[in-house]
Amino acid sequence: MQKVRFCIVIATLLLAAGCERAAAPAIRLETGDAQLLATGKAVYDRHCTACHGAKLEGQPNWRTRDTSGRLPAPPHDATGHTWHHPDEVLFNITKHGVAKTANLKDYQSAMPAYEGVLTDAEIVAVLSWIKSKWPAGIRDKQEQVNAAALKNKAAASR
Ligand code: HEC
């Protein structure tokens, strides 16, 4: 009996560990939390405006690389391609930079990596604020991109 109970305890622990791994922190941007959005706007004004613009408009000619091969900052509004990416990719670009996220070791980018500068919570807040500025139709489209990415991730971890 003792042995059986021991086995049940071990099995439960293993199951819990497995579940925890499966539920590994999926990054989700939330647009309905006023406090989060206020933090996000403050982070944006302080860290992102200089390049991405006070109105999320980006830098002029943002599709054309400069003489050093770097792209100007793209807009974060509906005219850019920020919303083409799932939440988690946006988080990774902001935290780790473009080269690491895209797995392009030698890619030169003017986009800083904010790891060690912003906390994960601040990164989620600023991207949530950006997302909250998109028109509903664009937000819906990005949610579809998100859903597809989450499905791929689930399939890959199976
Ligand atoms: C020094 C200028 C600069 C600052 C400051 C900056 N960025 Fe960027 N950002 C860029 C550039 C340039 C790119 C395009 C990078 C590339 O593709 O090489 C970019 C790209 C991005 C992308 C990817 C967009 C896409 O469509 O692929 C995200 C997300 C992003 N920035 C978020 C932020 C956030 C959030 C902040 C503030 C915390 C910020 N950036 C601050 C220059 C900057």
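Predicted model: local features only at pLDDT ≥ 70, side-chain atom pairs only at ≥ 80, totals over all residues.
The protein chain contains 7 helices and 0 strands, and its elements follow the order α-α-α-α-α-α-α from the N terminus. Buried residues make up 21% of the 158 residues in the protein chain. If you look at contacts between residues at least 6 apart in sequence, 57% of them link residues at least 24 apart.

Let's turn to the core. The largest nonpolar core has 17 residues, and those touching the most other members are Tyr44, Ile123, Val124, Val126, Leu127, Trp129 and Ile130. Two or more residues of this core come from each of helix 2 (34–47), helix 4 and helix 6. Helix 6 gives the largest share, 7 residues. Leaving aside residues up to four places away in sequence, Ile123 touches Phe91, Thr94, Lys95, Tyr114 and Leu118.

Now for the ligand. Around the ligand there are 24 residues, of which Cys48, Cys51, Ser109, Ala110 and Met111 come nearest. Helix 3 (49–52), helix 4 (87–96) and helix 6 (120–132) are the elements that each supply two or more residues to this shell. Helix 4 and helix 6 are also among the elements giving two or more residues to the core. The table shows how the shell divides by residue class.

| Class in the ligand shell | Residues |
|---|---|
| Nonpolar | 16 residues |
| Polar | 8 residues |

How values were computed:
Residues numbered from 1 in each chain as written. Near = placed C-beta within 6 Å. Helix = DSSP H or I, 4+ residues; strand = E, 2+ residues; numbered from the N terminus. Nonpolar A, V, L, I, M, F, W, Y, C, P; charged D, E, K, R; others polar. Core = buried A, V, L, I, M, F, W, Y, C linked by C-beta atoms within 7 Å. Buried ≥ 20, exposed ≤ 12 C-beta atoms within 10 Å, placed from the backbone. Contact = placed C-beta atoms within 7 Å.
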